[in-house]
Amino acid sequence: MTGKDEERSAFDWEARFADDDAPWERGQMHPAFLHWKETGAFDQIGSIVVPGCGRAPEVAGFAEMGLKTHAADLSETAINWQRKHLDECNLTAELFTGDILDWTPAEPVDAVYEQTFLCAIHPRLRETYEAALLRWLRPGGQVFALFMQKEERGGPPYGCPIGVMHTVFPENRWIWPEGELTAWPHPSLGGKAELGAILTRR
Ligand SMILES: C[S@@+](CC[C@H](N)C(=O)[O-])C[C@H]1O[C@@H](n2cnc3c(N)ncnc32)[C@H](O)[C@@H]1O
């Protein structure tokens, strides 16, 4: 393993899935996903990336909407779960096991669904992640983000306070929504809220 690989996989995600120890999972579609779907926020999108997809059912949700869906995870167990779930639903998506931060799509995509991936990676990787988002998205592309609010130090999950997020996703590269962000409390993780925001790549 190189230093970079060690840093990116320091947490043993594969072991967590193999032990079925995944308290970040809601066990159902994220209410923000359902809200965005019901309000037509995904209607103009043809392609989407779900980084660090784990066993998130939203991958199948996007495939069911007819979107070209790319999803990746370091954990083979998680990707095998996605493959089986998609097969059972008679749906398809582009899946791969590996480090999504090194990936580049064949063509820029319309959107990224950011659900408990940013809070899972070490804060040192946030710049790398922002650079990857700029590489993946076409100009005008959107990030559907759920920023984990957590005051305690350390992680994962690492807290993503909105002030810090404005530094990671600066106004000269990203258009932020106006007004208050909606808080979506997590049913586990001590009820911590995730703040939903749709960011647009300039
Ligand atoms: C907290 S889990 C969230 C999983 C999923 N997004 C969900 O909402 O259930 C974080 C996920 O990111 C994956 N992950 C972490 N670093 C990664 C990387 N560099 N490339 C791809 N996946 C990664 C982990 O394997 C894990 O499945």
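This briefing describes the aromatic ring pairs and the ligand site of the structure above. The model is predicted, so local features need pLDDT of at least 70 and side-chain atom pairs count only at pLDDT 80 or more, while totals for chains, interfaces and linings use all residues. Residues are numbered from 1 along each chain as its sequence is written, and side-chain values use heavy atoms, with hydrogens and water left out.

**Aromatic pairs**

- The structure holds 18 aromatic pairs, where rings of Phe, Tyr and Trp (its six-membered ring) pair if their centres lie within 6.5 Å, and planes under 30 degrees apart count as stacked, over 60 as edge-to-face and the rest as tilted.
- One of them joins Trp13 and Trp24 edge-to-face, at 5.3 Å centre to centre and with 75 degrees between the planes.
- Both Trp13 and Trp24 are buried, a term for under 20% relative accessible area, with exposed over 50% and partly exposed in between (1.4 Å probe, protein chains only).
- Trp36 and Phe144 also form an edge-to-face pair, with 5.3 Å centre to centre and 65 degrees between the planes.
- Trp36 counts as buried at 8% relative accessibility, and Phe144 is buried with a relative accessible area of 0%.
- Ring pairs link Trp36 and Phe144 into a cluster with Phe33, Phe42, Phe62 and Tyr113.

**Ligand site**

- An oxygen atom of the ligand lies 2.5 Å from an N or O atom in the side chain of Asp73, and an oxygen atom of the ligand is 2.8 Å from an N or O atom in the side chain of Thr116.
- A nitrogen atom of the ligand lies 3.1 Å from a backbone N or O atom of Ile100.

Conventions. A polar contact is a pair of N or O atoms within 3.5 Å; within protein, one must be able to donate a hydrogen and the other to accept it, and residues adjacent in sequence count only if both atoms are side-chain atoms.
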